[in-house]
Amino acid sequence: MAIIEEGMDTIVSAIEVENLQKSYGDLKAVDGLSFAVEQGEVFGLLGPNGAGKTTTIEILIGLRERDGGSVQVAGFDPAQEGDAVKTHIGVQLQQTQLFPLLSAEEILSLFASFYRNSKPVDDLLELVGLQDRRKAKYQHLSGGQKQRLSLALTLINDPELVFLDEPTTGLDPQARRALWDIVEQMREQGKTVLLTTHYMEEAEVLCQRVAIIDHGKILALGAPRELVDEYVPERAIEIPLSDSVAPSRLESLPAVTHVDVKDGSAAIHTMNLRESLTAILAESSKTAVSLDNLRIQRGTLEDVFLHLTGRTIRE
Amino acid sequence: MKALGILTYYTGVQFARDKVALFWTLAFPVVLMVIIGFAFGEAGTASLPVGLVIEDRGPAGQAVAQALAGIPIFEVTTGSQEVELAALAEGDRRAVVIIPEDLSAAWQRQEVATIQIHLDASQQQSAGTAMSVVQQVVEGVQREFTQQPSLVSIETHSVQAEGFRPIDYIAPGILALSVAQLGLFGATTLVEQRQQRLLRRLQATPVSRWKVLLSMIVVRLITAFVQTGILLGVALALFRIQVVGSWPAIIGIVVFGTLVFIALGFLLGALAPSAEALIAIVQMVNFPMMFLSGALFPLDFLPEFLHPIAVALPLTYLADILRQTMVDATPYATVLQGMGILLLFMVASALLAWRFFRWE
């Protein structure tokens with residue numbers, strides 16, 4: 001267990017991964033991953049399909065053997081002490097169908113029997129908002145309800161650590177938001193959460209830190225805002241275009257890198273927001289350009305990924 | 001233990017809620033038996049060729065010969081010992097009964113007489129039947145003659161005086177068939193759960209694979225009990241089949257047979273890439289097995305070239321031992337021999353299934 005002495009306090013990482021390796025034949029699914037997840041943190045593994053996210057999670061929860069590297073989950077090595085790891089974690093796997101003919105509460109009771117200690121089924125149904133559907137057969141639940149039930153299952157043993165593999169894939173925006181609320185509640189309860197997603201927005205909303213993964217390697221790791229500041233420091237100032245302002249004029253303003261013209265508005269990309277904005281304000285008083293709809297946009301993790309790989313994440 | 005109990009309970013709950021599975025396991029065998037039972041149960045008897053050698057020209061010999069000729073399922077031919085035994089060796093007789101010269105004399109003296117029965121060992125089914133019937137008949141005649149309890153030395157088992165009807169053959173066959181189907185389909189839940197990645201989800205909890213498997217096997221066994229109860233209940237009430245074997249032996253064979261076919265089912269499950277494929281494979285095994293195994297009608301009805309297939313089908317053996325136990329009076333050694341063959345099937349299937357089943 002990684003323990004950093006800080007006076008009398010000890011800080012213990014919930015998850016420690018060091019130079020993790022896994023190949024399927026010639027394909028290196030995981031190629032030297034290293035990261036640590038702190039206790040109480042929501043940590044995201046972010047990357048396109050096939051990046052190695054699911055393989056990583058499956059190794060961490062003891063469902064897959066690793067080829068090399070070291071792994072500690074809640075202080076245990078999942079390859080050696082799989083059962084110990086399994087009692088300390090909650091898991092939601094991708095594309096899993098549960099028992100179609102059992103009801104929500106029956107499935108929770110069944111899973112509760114697998115653990116020595118378990119939370120009351122009623123509390124969990126309430127937490128995920130399925131009290132009204134408790135008697136409904138699994139096969140009759142909607143996609144969002146099924147996913148909420150699977151999140152409730154991750155908490156049945158009151159684990160320290162929760163693993164969520166693509167928790168919102170295939171859900172509509174409303175159902176997705178409902179799941180985000182549940183993850184938020186997990187964080188408030190002090191759970192450590194490791195989740196994978198290929199939705200950049202989801203990572204930005206939920207995660208304190210993310211690791212951007214592609215081809216089994218970490219390309220960048222940090223808080224979403226820091227990553228954006230580091231890799232896409234440009235800001236874009238959007239103003240409506242009018243005849244009095246030529247895009248070429250805007251491009252010559254200080255600190256402006258380039259201008260994108262689209263649908264009657266100009267996105268002025270700048271390396272220095274203050275300088276460019278001051279110049280635009282001065283320009284507007286001379287030419288009477290309207291600034292009613294002026295907007296300033298930051299980069300997103302999507303832009304970070306594009307910057308790092310030259311691809312969008314869902315290509 | 002707690003986990004196993006609850007897991008078994010919920011596995012059972014799911015099975016009980018699966019209307020289609022319930023129909024095929026519980027209702028279908030009964031329907032099949034009732035249809036076949038009413039169609040062929042009383043009439044259309046398959047006759048057994050029996051050779052009769054009458055060396056006793058006295059009244060007792062005549063009476064036994066007449067009584068045997070009067071048995072509907074027997075097709076009696078009378079001839080000399082050499083001719084009849086040769087016919088038996090040729091496979092033209094299932095049994096040859098030799099009435100000794102001194103029968104009338106012995107019975108007059110109230111002494112025990114020995115009646116020899118030569119049986120075709122390759123046709124245990126019908127030979128066993130023939131032996132039981134002959135014994136029954138001869139003892140009946142002897143009682144009339146001598147007003148004495150048994151003065152005949154043959155086997156002590158007996159079928160009931162009504163004799164052996166097709167339904168007595170069909171009912172144990174259908175029971176064997178249902179047990180076989182229950183087992184062969186035994187891996188569908190497991191393969192479905194693998195396909196839905198539920199097995200993987202279970203593996204991410206501390207519950208062991210053994211408990212998951214065991215819960216499915218226990219539920220199948222309980223279902224087999226219910227199925228047997230319903231089938232035999234209907235067979236007894238509707239067709240008045242004559243059960244001569246002991247109930248513990250019958251239940252033991254049902255349990256054993258279920259386990260054998262569950263092992264086979266898991267082997268098929270190990271070979272099938274998906275639940276849909278598994279069901280197709282089971283049906284491919286199931287239908288030929290139904291007709292080529294002698295579960296529903298005697299193998300004698302099938303052309304000779306199909307007999308080797310029957311020998312290779314486990315259902316042939318399960319149907320045989322169930323029938324031998326339920327309605328024939330077959331020596332235990334013969335039943336045990338059949339069980340031994342089934343045990344080999346079970347062990348081989350279980351080992352192969354364990355070797356080839358993929359959990360993901």
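In the predicted model, the C-alpha centres of domain 1 and domain 2 of chain A are separated by 43 Å. The assignment places domain 1 of chain A at residues 13-229 and domain 2 of chain A at residues 234-298. Along the principal axes, the C-alpha atoms of chain A occupy a box of roughly 75 × 50 × 45 Å. The secondary structure of this chain consists of 11 helices and 14 strands. Chain A has 315 residues, of which 50% count as buried.

Chain B is likewise assigned a domain 1 and a domain 2. Domain 1 of chain B is made up of two segments, 2-41 and 165-356, while domain 2 of chain B covers 48-146. The centres of these domains of chain B, taken over C-alpha atoms, lie 38 Å apart.

On the surface, a patch of negative charge is formed by Glu55(B), Glu82(B), Glu101(B) and Asp102(B). One of these residues, Glu101(B), lies in a loop of chain B that runs between strand S3 (95-99) and helix H5 (103-108). Glu101(B) counts as exposed because its relative accessibility is 63%, and the cut-off for that class is over 50%.

Key: Residues are numbered from 1 along each chain as its sequence is written. Chains are lettered from A and ligands numbered from 1 in the order in which they are written. This is a predicted model: local features need pLDDT of at least 70, side-chain atom pairs count only at pLDDT 80 or more; totals for chains, interfaces and linings use all residues. Side-chain values use heavy atoms; hydrogens and water are left out. Patches are made of residues with over 30% relative accessible area and no salt bridge: like charges are joined within 9 Å, nonpolar side chains (Val, Leu, Ile, Met, Phe, Trp, Tyr) within 5 Å. Accessible areas come from the Shrake-Rupley method with a 1.4 Å probe; for residues, only the protein chains shown count as cover. A salt bridge is a side-chain nitrogen of Lys or Arg within 4 Å of a carboxyl oxygen of Asp or Glu. Lys and Arg count as positive and Asp and Glu as negative; His and the chain ends are not counted. The place of a charge is taken as NZ of Lys, CZ of Arg, CG of Asp or CD of Glu. Helices (H or I, at least four residues) and strands (E, at least two) are DSSP runs, numbered from the N terminus. Buried means under 20% relative accessible area, exposed over 50%, partly exposed in between (1.4 Å probe, protein chains only). Domain bounds come from an automatic or database domain assignment.
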